[in-house]
Amino acid sequence: MGRRMKSLPAAALEFFSQRKELGENDFFLSPAFSRSSFLSTFQPPSPDKPVGKRLIPSQTARPPQKIAAPAALATAQPVSEKREALKQLFFGFRECRRCALGATRIKLVFGSGNAQAQIMIIGEAPGADEDQQGLPFVGKAGQLLTAMLASINLDRGTDVFITNVVKCRPPQNRNPETSEIVACSECLTKQIEIIRPKIIVLLGRIAAGTILNSTESISKLRTREHEYKGIPVMVTYHPAALLRNPDYKKPTWEDLQKFRIIFDELKE
Ligand code: SF4
């Protein structure tokens, strides 16, 4: 009997899984998502509504991007010093047992996206889907994050690099403990040093508390602009919080709009 051919998505997933095992970590498997699926569940406020001191100009809207097909897609990045440095960092942490999470993880979730991105997004910790695939933000919250980025015309494969405060899944998705965050901080610090983004976006209380060394709530932190080692930092709600509490969608949309304007100003 002839060998049964794998479906294209299954074959692609296997291929990229093998590449990842070989350390080719600088690519992105795009989960199926729909930009409209985010926007349809959320009615953005008027584009001319003032946000903070800034006015959101309606003319800043760019033409809609192509929506990724619901199959595993790869965005290969050019070889670069940053990519090589990230690869070496990944090799250094691939077998990491600096904290107890190393013993229970399936896969270490180092990060994904463009090593040369100007935007770095930092979340909390991998969940079950991320632990299985070794990639950050690939579950429901990840699909929402992808749609959130698309809503401000950003592509998560080319425009951003995404990672978490801790690289291994805490059991039962509990919050990472302080000792685990401290143990993993070397990896995150080096990732930021290598990528040297123009702006950092922190998703949720754990990421904000870690990078900004603050115990303030997200509702307070999101109203101010911050800085980490000279890099502008913005704070907003974690997509998982939006899934739990739809009331966070409106302030998050405002944050996204504000972020897009600040990022465009930084690029100029
Ligand atoms: S969470 Fe970080 S410090 Fe702990 S084992 Fe994983 S990579 Fe190492």
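The model is predicted: local features need pLDDT of at least 70, side-chain atom pairs count only at pLDDT 80 or more, and totals for chains, interfaces and linings use all residues. Residues are numbered from 1 along each chain as its sequence is written. Helices (H or I, at least four residues) and strands (E, at least two) are DSSP runs, numbered from the N terminus.

**Ligand shell**
- The ligand is surrounded by 15 residues, each with its C-beta atom, placed from the backbone, within 6 Å of it.
- The closest are Cys96, Cys99, Gly102, Cys168 and Cys184.
- Helix 4 (101–104) and helix 7 (178–195) are the elements that give two or more residues to this shell.
- Helix 7 gives the most, with 4 residues.
- By class, the shell holds 10 nonpolar, 1 polar and 4 charged residues. Ala, Val, Leu, Ile, Met, Phe, Trp, Tyr, Cys and Pro count as nonpolar, Asp, Glu, Lys and Arg as charged, and the others, Gly among them, as polar.

**Strand 5**
- In strand 5 (residues 160–164), 5 of 5 residues are buried (20 or more other C-beta atoms within 10 Å of a residue's own, with C-beta atoms placed from the backbone).
- Val160, Ile162 and Asn164 lie on one side, Phe161 and Thr163 on the other.
- Side chains in a regular strand alternate between the two faces of the sheet.

**Pairing (at least two DSSP bridges between strands)**
- Strand 3 (residues 112–113) pairs antiparallel with strand 5 over 2 bridges. Ser112 stands opposite Ile162.
- Strand 4 (residues 119–123) runs parallel to strand 5, joined by 5 bridges. Met120 stands opposite Phe161.

**Phe90**
- Phe90 lies in helix 3 (residues 81–93).
- Phe90 counts as buried because it has 20 C-beta neighbours inside 10 Å.
- Its C-alpha atom is 9.5 Å from that of Val109, 19 residues apart along the chain.

Conventions. A residue is buried if 20 or more other C-beta atoms lie within 10 Å of its own, exposed if 12 or fewer, and partly exposed in between; C-beta atoms are placed from the backbone.
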